[in-house]
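Subject: Structure handover

Hello,

Here is the structure I said I would pass on. Please open it next to this message and follow along; my notes come below it.

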Amino acid sequence: MNSRAILLTVIISLVLLTTQPQVGQANLRGYSVVHENEFLRLYVNAETAEFAVQDKASEEVWYGGLPEVRQETVKRGAARDAMRGMFTLNYYTPSREARSLNSYVDSVLNEEFSVTPSAGGVRFDFILGKQWGEDAYYPVFIQQEKFESLLEQVADRFDRQILEEAYTLIVGEERDYDPYTNVFVYGMDVSAVLGYHELVVLKGKLLDRYIGTNNTPVERLKHYVELVADTIVSRRMDYDRRGLITPTDLAFLKTGQPIYALLDTTYPAYYKPELARIFMELGYTPADVAADHSLTTIDPPKPNPQIFRVPAEVKLDGPDLVVTILAGELEYPINVETPTGERATYMPQSMDVLPLFGAAGRNAEGYLFVPDRSGGLMYLNNTKKLPLPSYFGAVYGPDRSVAPQQEQISPGPLVRLPVFGLKEEGRAWLAIIEEGQAIANISAELAGKTDSFNKAYARFTLTPRTTITLYGVQTTQDDRMVDAYAVLPYKGSITIRYKFLTGEAATYVGMATAYREYLVNHVGVQPIDQASPVPMVVELIGGFHDREPVLGAPREVIRPMTTYTQAAQIASDLKARGTDLLRLRYVGWSRGGIEHYFPNTIRLEKALGKKDELLKLLAADGVEVYLDVNFMTVMRDTAFDSFRTGKHGARFLNRSAARVFKFDQITLQQIPDKYAYILSPNHLGWVVDGFLKDLAEYPGANISLRRMGSVVYSDNQDREDRAVTRQDALVKVKEQMARLAASGRDLLAEGGNDSAFPYARQIVEAPTDGSVMLIIDEVVPFYQIALHGLIDFSGQPYNLGGVTREKLLKTLETGEIPYFRWSYADSSAVKGTDFAYLLGTTYWDTVDAAAALFSEVKPILEKVRGQAIVDHIKLDEGVYRTIFANGVEIVVNYSDTGVLIDGTYVEGKGYAVHERRGHE
């Protein structure tokens, strides 16, 4: 770039910087301040139901929708107008046609909304869908005296001209002969329905029209009758041809009283909206139209049945903006009459909430943040990624109670935290879904994909839907497909909290810090005791079930991998190797092994030993034992347990028993006879009751929750009092985790959903790995930054794939606690079974390397125990610096080449630790 180009760039940049506040103020024209506190101002445009929020310290403004119409260059018309809306409601018609209603296009532009003050903010009430169509405001037939009286009230001469040109004054004049002897109207016996009453046009543009070949009286009369007949047929739901018209239908013409008629094809189509406007301005209502139509036999106007009413609240809460969709007050069409005369219910299927909030334009620099696995960044305006699908990930993963999974494809999005955000230059925002998170999907899209903006938002599934194919029906494939819905839509609220960051805090680290503070101040998560020992986390495999021939017949047997006594030996060995605190997760310890029997009672597995041997393990010094249990699915059902599929099992949307299937590792297809039943959330309570009652006999035992911290399953029963939405299921799961924690037992949770944060002492298999989604430009440790110092967390077992140097560096970079999975017996025993994923877990093969890794990281982790991560910086490719609140800095180098960082040489696959008095 030459010097002239550089100078020009600097000048343009200065102009943009100096004009940006003016642009912001210009965009706020029409807005008024409806509420403010010491941090924020809330602006609302009451004419357009739009809002904006301003940070008082930095004067930065964030808009709820499209900030300036002229900035949108991709979409036009109604599609562009929709970008100004707060939300879009999606639903399906009974014919399986997808439709959407937007709060701006289908409510504001129809002037069917209200804005009222509320505590701390404002409330919006939207009526989506125009209740009456344009044709409901003007009559097809109207008496002469009434029409001319209305015409006199029209002041505008052009409006008068429209009415005079559109309407034709007609009458039936009685003759003493049959005027239709030579008149042939296709499909209609004119003489039979009109008799001796000749249809006469008295006034209107129709008189000036040249008709037929010769414009003869016969041709004109024929044309007049056809116009009247076709107009009646088009206004009767039960008529589809002229031949159905009866003498009664035309009786209003035989009274001798002239009547004005809006005859089809006699006026331009573009007159229709003008006619509706003119009559509305005259105070003419659909009720008046119905009264005029009652004098004839044509149908009265019918209201649009597809009307939804949606309330929303926007409030300030300290430094945060809180937006709530009051889904519990949402009204939708129930058993309404459709245009075809049938009855139908239109279920609200999903809703996109604030899809353009804080969106960034085509020239912005920064990134979208999505919570995929540990966290991912999508660089703004990265045109190279536009051909890829946009990001779309379900919070807590897909709901397996909606429909059976047919195949196991490659790993997709994985979302454990209900958060997302956007950074644009020196400002950023983070959204936290407080209510409705279990029915939320995080979406992020780059500018140029569908419009001119980079945006991140959430779509909420209000009514789960699937398609069922009916077999044995002799018709087309499409006709065999029917929609199946949950019995009721979600009735709770949808609440999103927006946090605003400026300056140096406007980064993904700042977002993670804001979320950490939220966990402490709003969720009640307490920091770890800095003086507590760094644990070594170990999972031991107890037993697994297999089949072998006994006397020539196959029989199930339990193959022990780690008995109670052997578990105690491993614990003793690890303690002797310098482990101050051993956190032991014992999987497969109860009857049935890994895939244990229904856990409403505790029954030990005989193949693993006796009760006193397990009690000895539980009493070991410096060892926390977490007995693993799966409350979420029934892995093996027997005739003698307390589980009954029809009573206790959850249901798919097709109302069959909900199951989680296993899959063939080669074909990736479902194995029909290998599955676990999903337990209905309604019955979690009594199962936990029974487990806790029996656990009283095992003092010192803690609880490992295998699936409760990683999945959420709904129950799609066909009865309203038994169905459980996914959000309600989340509430029930959290209630049981609270009960388990209140029992005096520590909890270890697998998976790491945020729902487990208030209760778990340890999380394993947390999403500490990078995203596999190609749309992600950079992987960041958002999850680890937010959680470090609050809850101990571990990712996948370190010994799977070998205890490598990279795993040691990951521990130091993020504070992740090393986690290992072992079995005392040779793991080759699982080869050829359903548990082949446990190959390579033999304790003696990797314990030396694991102990060496733990011994190396332990003193460093002790330095940052209970400390928040205050910064995380990428210094070079594969080189990162993590700074902790107490001033400790750790630089890790994942590359093979050494680097010089601030005067310190960090070798390839090495690290450096610096201790300072405070964060500089």
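Arg497 is located in strand 27, which covers residues 494–502. Please keep in mind that this is a predicted model. Arg497 has a relative accessible area of 5%. The cut-off for buried is under 20%, so Arg497 counts as buried.

What does the side chain of Arg497 make polar contacts with? One partner is the side chain of Asp317, at 3.0 Å. Another is the side chain of Glu434, at 2.7 Å.

Four strands form an open sheet in the order 42-43-44-47, and their pairing is antiparallel. Strand 42 (869–876) and strand 47 (911–914) are the edge strands, since each of them pairs on one side only. On average, neighbouring strands in this sheet are turned by 15 degrees against each other, with direction ignored. Between strand 44 (residues 889–893) and strand 47 there are 4 bridges, in the antiparallel sense. Within this pair of strands, Val892 is opposite Tyr911, a residue of strand 47. Helix 17 packs on the sheet and touches strand 42, strand 43 (879–884), strand 44 and strand 47. The direction of helix 17 makes about 155 degrees with that of strand 44.

Thr811 belongs to helix 17, which runs over residues 805–814. Is Thr811 buried or exposed? Its relative accessibility is 0%, so Thr811 counts as buried. With neighbours within four places in sequence set aside, Thr811 is in contact with Tyr798, Glu816, Pro818, Val857 and Leu861.

Last, a residue in a loop. Gly744 sits between helix 15 (726–742) and strand 37 (747–750). Its relative accessibility is 62%. Exposed means over 50%, so Gly744 counts as exposed.

Regards

Definitions and conventions. Residues numbered from 1 in each chain as written. Predicted model: local features only at pLDDT ≥ 70, side-chain atom pairs only at ≥ 80, totals over all residues. Heavy atoms only, no water. Helix = DSSP H or I, 4+ residues; strand = E, 2+ residues; numbered from the N terminus. Buried < 20%, exposed > 50% of the residue type's maximum accessible area, 1.4 Å probe, protein only. Contact = heavy atoms within 4.5 Å. Polar contact = N/O pair within 3.5 Å; in protein donor to acceptor, adjacent residues only side chain to side chain. Pairing = 2+ DSSP bridges. Axes fitted to C-alpha atoms, helices over the stretch in contact; angles between N-to-C directions.
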